[in-house]
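Here is a short briefing to read with the model open beside you. Please have your viewer ready and follow along.

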Amino acid sequence: MARLLSVNVGLPRDIEWKGRTVHTAIWKDPVRGRCRVGRLNLEGDGQGDLAGHGGEQRAVFVYQIESYRFWQEHLKKTGVVHGQFGENFTIEGLPDDAVCIGDRYQIGNALFEVTQPRVTCYRVGIRMNEPRMPALLTSSGRPGFYFRVLQEGVVCAGDEIVKVGEAEERMTVAEINALLYSPNHPRDRMERALRIEALSPGWRSSFEALLQSQTTAPGSGNAGLAPASAAHPAAPGFRPLAVTAIDQESADVLSLTMRSPDGQPLPTALPGQYVVLRLPWPTEGTPLFRSYSLSGPPSTERYRISVKIEPNGVAGTYLREHVRVGDALDVSAPRGSFILQSGEGPVVLLSAGIGATPVLAMLHALAAVRSTRQVWWLHAARDRQHHPFAAEVCHLMLTLTNRRSYVCYSRPGSSDKMSGNFDATGHLSRSVFDEVGIPREAEVYLCGPTRFMADMKEALATSGVAPERIHVELFNGSESMTPGVVGAARRIPHLPIDDANTGPLVSFARSGIAAHWKASTYQSILELAEACDVPVRWSCRTGVCHNCESGLVSGAVVYGPEPLDKPTEGNVLVCCSQPIHDVVIDL
């Protein structure tokens, strides 16, 4: 008979880890006597990271004493206590390969339902003093599981665990866990999993994404785990393209059109994607890598990039001063997930300055098919001299039947004419959104300077546009994900303090940083990125969760430890990979 051996609770605390402060509730202590179980928590319990833990579907974490014994033997550990794995209920019985999603249990006078396996993160590795623990728990088939509270009540150590119901579709916790995290994702088994009503929404979404990818993009890696930024992998490497035209778009924006010298078709770019250029550094031995959005119409014959020439910008200055028509540039395949989504709903293309480039490609795509969708073009510029693509946008908008354009100049020149060149003096704002009638159901594509995008996201939110409808492109890096880390200031990417001139060169293309790999210092490309303050995403740090999956622009890596399910070709898990030779990472 299954039994509740210990009830464990703990509130979040701050701990020091690798020079950072982590807010976590992984430390749990046994409760003496009876404990009240609520819909979201046990009395006296809490979660430090509500994005990854807690909530109705993950109210109570359960782990088995039999798994304790397995890990004590496997890891040669002593002194392990109840709550060591961060669980609320330490139980006897109910192994992961026997308990099914949807099983219901009575404990004390409370009623519970199994919703999902545990999703492990790096914090269990901290608690166990074993960094590999997230991967070990998942690969062993002993992850533990979560309860949803169907009926609140009181529980106590020693209570009997009585099974009172089960789902019609029988799939164990271990089966569901392996179905998502292992390399094997049989379609029929995923369809079975989706028939289990009790399966939590997060796991349901993962299996739905996997099923869809098997239909639309077979062999595209684990779409159930990969973040949106890794959803459109591209083949690594560069190819030389000949510059066929150079056009001055405004006082500080230059466009370069390129095509294949041998006439071979170019990889098709999705509207909004970018390419990486490899440029020779005039005074250094290492090349420059810069990402530039494709700003022209959809084409397999030519690519157009548009570059803002900054006063101290090395890459922009090089392109302006040294590149001429007929020259060849090394260019990557198009990549990026900031793309125009298909559909018939309204579209808002919202930009400032050079941020117009990816949304201009989207406008080209809409115009090419004479789209009947409602399209808003909203742009902010300093003045007419610094307003690129004005005539081009005007021409494209005229091809659309349901269109609205609105341009703001922050400092118009004396010759700039209201309603001729622009619509208003000032900045784009919530009042502008109300004036032009942006609907709440619109898909918004936003690109521009960091402060502009923050202001626009806030204005859109107050206008009622849901966050999932606001798509953002960041030119210099990506949004970081460091769960539980608190108080860390955002720093501009830089070379590490101890950078040397030996070892493979790891270039972070979007951050503009190239640092040398030192195997004696770093265990993974992630650790090197952190030493450079390059924005990164991670959670498990052992090749399980795929949050760190990023584009591999060029080069090759080895893995250590081996990830449970490798990313698709063209992507890399930076948390557990090391460079074989020079690599370029899309970070």
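Let's begin with a loop: Arg541 is found between helix 12 (525–531) and strand 28 (549–554). Helices (H or I, at least four residues) and strands (E, at least two) are DSSP runs, numbered from the N terminus. This is a predicted model, in which local features need pLDDT of at least 70 and side-chain atom pairs count only at pLDDT 80 or more, while totals for chains, interfaces and linings use all residues. Residues are numbered from 1 along each chain as its sequence is written, and side-chain values use heavy atoms, with hydrogens and water left out.

**Backbone points in loops**
- Arg541 is not a glycine, yet its phi is positive, at about 65°.
- The peptide bond from Gly560 to Pro561 is cis, and its omega is near 5°.
- Pro561 sits in the loop between strand 29 (557–559) and strand 30 (571–573).

**Helix 4 with helix 6**
- Helix 4 (residues 173–181) packs with helix 6 (residues 201–216) at an angle of about 45°, and their axes are 10 Å apart. Axes are lines fitted to C-alpha atoms, for helices over the stretch in contact, and angles run from 0 to 180 degrees between N-to-C directions.
- That angle makes helix 4 oblique to helix 6 (under 35 degrees counts as roughly parallel, over 145 as roughly antiparallel, 65 to 115 as roughly perpendicular and the rest as oblique).
- On the helix 4 side, Ile176, Asn177, Leu179, Leu180 and Tyr181 meet Trp203, Ser206, Phe207 and Leu210 of helix 6 (contact means heavy atoms within 4.5 Å).
- The residues of this contact divide into 7 nonpolar, 2 polar and no charged (Ala, Val, Leu, Ile, Met, Phe, Trp, Tyr, Cys and Pro count as nonpolar, Asp, Glu, Lys and Arg as charged, and the others, Gly among them, as polar).

- The order 4-1-7-6-10-9-8-12 describes an open sheet of 8 strands with mixed pairing (two strands pair if DSSP finds at least two bridges between them).
- Its edge strands, each pairing on one side only, are strand 4 (29–30) and strand 12 (161–165).
- Strand 6 (residues 60–64) and strand 7 (residues 89–92) run parallel, joined by 3 bridges.
- Opposite Ile91 in strand 7 stands Gln64.

**Aromatic pairs**
- The structure holds 20 aromatic pairs (rings of Phe, Tyr and Trp, its six-membered ring, pair if their centres lie within 6.5 Å; planes under 30 degrees apart count as stacked, over 60 as edge-to-face and the rest as tilted).
- One of them is the edge-to-face pair of Phe89 and Phe112, with 5.6 Å centre to centre and 85° between the planes.
- Phe89 lies in strand 7 and Phe112 in strand 9 (residues 110–117), so this pair ties together parts that are 23 residues apart in sequence.
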